[in-house]
Amino acid sequence: MIDWMQIFLIVVAYLLGSIPSAVWLGKFFFDIDIREHGSGNAGATNTLRVLGAKAGISVLVIDVVKGFVAVELIHLNPVLKSDPTLWLNFRIALCLAALIGHIFPIFAGFRGGKGVATLLGGVIALAPPAAAVAVVVFVSVLFIFRYVSLASMAGGLSFPFTVLFVMNNSPLFLVIFSCVIAALLIITHKKNIQRLFLRQESRFEPFTKNNSIK
């Protein structure tokens, strides 16, 4: 039997993820498409570099919140609480739907960002300890090496290790999800990896604004 409520929530999670905060903020306040400037990525880092700290932080917060809210949509279908496994698995499905929405947003021609911030919001809802470790790893790597891409991948790779070795008796589907996410972050940062090896990747300078916008 088809559970239309679950389908509805998956669609809503995707639509939440599809909110292109960087694109809309750039067009509304600066009259530009952020995807045509800087790295071309519709995310917080590129927004910060091109449009400045206020815009970048705004995009970061919105993207984290939409991932968190997407996972918490499950409370609109409390009947799932009777089955802990189904409850967790559906929350993971909601997180994935939001992530797919961010990467392929219906509201922005299916050209979105890498989904790191949206994923973080989802993981905060799913597994707070893993999210905390990922943030610590991200900040540490960013502070040492000054590469957002490297810090993002390191934070993502910490996720399965935390789930496996720090969180006791993690459910199998959460373990699989953490490994898939880590692999996905590597894949979506393929070009960044190439630039890192060629020493062409841009370093993170939080107080420097790109002057290409006139």
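Author: The answers below concern a predicted model.

Reader: Why is serine 170 called buried?

Author: Buried means under 20% relative accessible area. Serine 170 has a relative accessible area of 18%, and is therefore buried. This residue is placed in the loop between helix H8 (148-165) and helix H9 (172-188).

Reader: Why is phenylalanine 104 described as partly exposed?

Author: The term covers values between under 20%, for buried, and over 50%, for exposed. The relative accessible area of phenylalanine 104 is 46%, so the residue is partly exposed. Phenylalanine 104 also belongs to a nonpolar surface patch of about 1000 Å², to which helix H1 (residues 4-17) gives the largest share, four residues.

Reader: How do you know that arginine 91 and glutamate 72 form a salt bridge?

Author: Their side chains meet at 3.0 Å, N to O, and the rule asks for a distance within 4 Å. Arginine 91 lies in helix H5 and glutamate 72 in helix H4, so the pair ties together parts that are 19 residues apart in sequence.

Reader: Which of these two partners is buried, and which is partly exposed?

Author: Arginine 91, at 11%, is buried because the cut-off is under 20%. Glutamate 72, at 23%, counts as partly exposed.

Conventions
Residues are numbered from 1 along each chain as its sequence is written. This is a predicted model: local features need pLDDT of at least 70, side-chain atom pairs count only at pLDDT 80 or more; totals for chains, interfaces and linings use all residues. Side-chain values use heavy atoms; hydrogens and water are left out. Patches are made of residues with over 30% relative accessible area and no salt bridge: like charges are joined within 9 Å, nonpolar side chains (Val, Leu, Ile, Met, Phe, Trp, Tyr) within 5 Å. Accessible areas come from the Shrake-Rupley method with a 1.4 Å probe; for residues, only the protein chains shown count as cover. Helices (H or I, at least four residues) and strands (E, at least two) are DSSP runs, numbered from the N terminus. Buried means under 20% relative accessible area, exposed over 50%, partly exposed in between (1.4 Å probe, protein chains only).
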